[in-house]
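Trainee: Hi, could you walk me through this one? I'd like the overall picture, then a closer look at one part.

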Amino acid sequence: MVRPDLIARLTARCARRADEGLARRVHAIDCADGVRVMRAGHALINFSGNDYLGLAQHPAVVRALQQAASEHGVGSAGSHLVCGHHREHVLLEEALAEWTGRDAACVFSSGMMANLGIMQTLLGPGDACVQDKLDHASLIDAARSVGATLKRYPHADVEAAARQLDSTGDAPALLATDGVFSMDGDIAPLAELAVLATREHATLMVDDAHGLGVLGTDGSGSVRAAGLSQSDVPVLMGTLGKALGCHGAFVAGSKTLIDGLIQYARSYIYTTAMPPALAAAARAAVGIARADHGRRDKLVSLIARFRAGASELRLPLMPSVTPIQPLRLGDNERTVAAQEALRHAGYLVIAIRPPTVPAGQARLRITLSAAHKDADVDHLLDALAMVCHPLQ
């Protein structure tokens, strides 16, 4: 018997993806000044980032990182349970718990690792995980990795979610959803899902990566914006690399949940802790996000401006009140052509294609930031009018 060569098989798979026009490529940003970036020698205005509040280069956030690095060094020097858990991690976790209205919080190195840690702690073979079909890949992969039965329901369909939960019998169940969906920009029907979870004795989890900092009067996210508490949504995940402009993630909930993560989340236990300087920067960003309501007000204004302009131009904009404003063009080649035309016009707007989105739903994922100016939005609309209408 001759075993197939794994690298040769991978080479063939990559070739097929390239032939289908779906190959992914990495392009480096040379430097950035807010939403203005240099990439491959081109000066571009970035309408693809997740820095929704414009905090990634905020002087206070940068200063907090620099000061903590001078005190603690660059790395944490160990896992959280060995010697890598520093005072800065503790202070950040306390700030996150208070902000989100939770008893406690636990920081992870990434959202992928946080979601994996939740599933490792709460689920196992024979348990059920019911998810929205448009949930982030990290939620889907995490449920699969622990051997739980994964059931997925049509996007935002609470009745279908109920049917999927009912099909799991009396198995322990986690009902998991994004708060804001990363490729569509819409908000999950959280209040209805909370009622469903209570009725069916399921545990509700919300991945609020794209809602934290943006939604709610103090930016505490989609859960509190929906009027829900820790008892309604026992498991909350949020990231530090979107609206907070930093890096990493956290889980917040009861002290029992957080202690359970420390005991059983392998993605927390067996990895080097986030650098304490990054934790300090994230805590500074939390303070700004909570207090600086003007940034959220400006973001809301920019979203309304963009949507009004897109409506006047009859652009195929998907429904969203968040900074994620997808322009669905459908055809892969057409969407890539629009991306390249916008790049030549001075805008960084990324084409999103299958398998990230369903076949036939390729789109330009346009994102807005409080760092954008009104004129940036107006000029982007002018460029979209030139680029998109000839393609329709």
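Mentor: Happy to. Among contacts (heavy atoms within 4.5 Å) between residues at least 6 apart in sequence, 69% join residues at least 24 apart. Mind that this is a predicted model: local features need pLDDT of at least 70, side-chain atom pairs count only at pLDDT 80 or more, and totals for chains, interfaces and linings use all residues. Residues are numbered from 1 along each chain as its sequence is written, and side-chain values use heavy atoms, leaving out hydrogens and water.

Trainee: What is the radius of gyration, and which value would a compact globule have?

Mentor: The protein has 21 Å, which agrees with the value near 21 Å for a compact globule of 392 residues. That radius is taken over C-alpha atoms, and the globule rule is 2.2 Å times the number of residues to the power 0.38.

Trainee: Let's zoom in on H10. Which residues are buried there?

Mentor: Leu 257, Ile 258, Gly 260 and Leu 261, in a helix covering residues 255–264. They line one face of H10, because seen down its axis they fall within an arc of 155 degrees, using directions from the helix axis to the C-beta atoms. Helices here are DSSP runs (H or I, at least four residues), as are strands (E, at least two), numbered from the N terminus.

Trainee: And what is on the face turned away?

Mentor: The exposed residues Lys 255 and Thr 256.

Trainee: What do the buried ones pack against?

Mentor: Their partners include strand E4 (104–108), helix H5 (111–122) and helix H11 (266–269).

How values were computed
Buried < 20%, exposed > 50% of the residue type's maximum accessible area, 1.4 Å probe, protein only.
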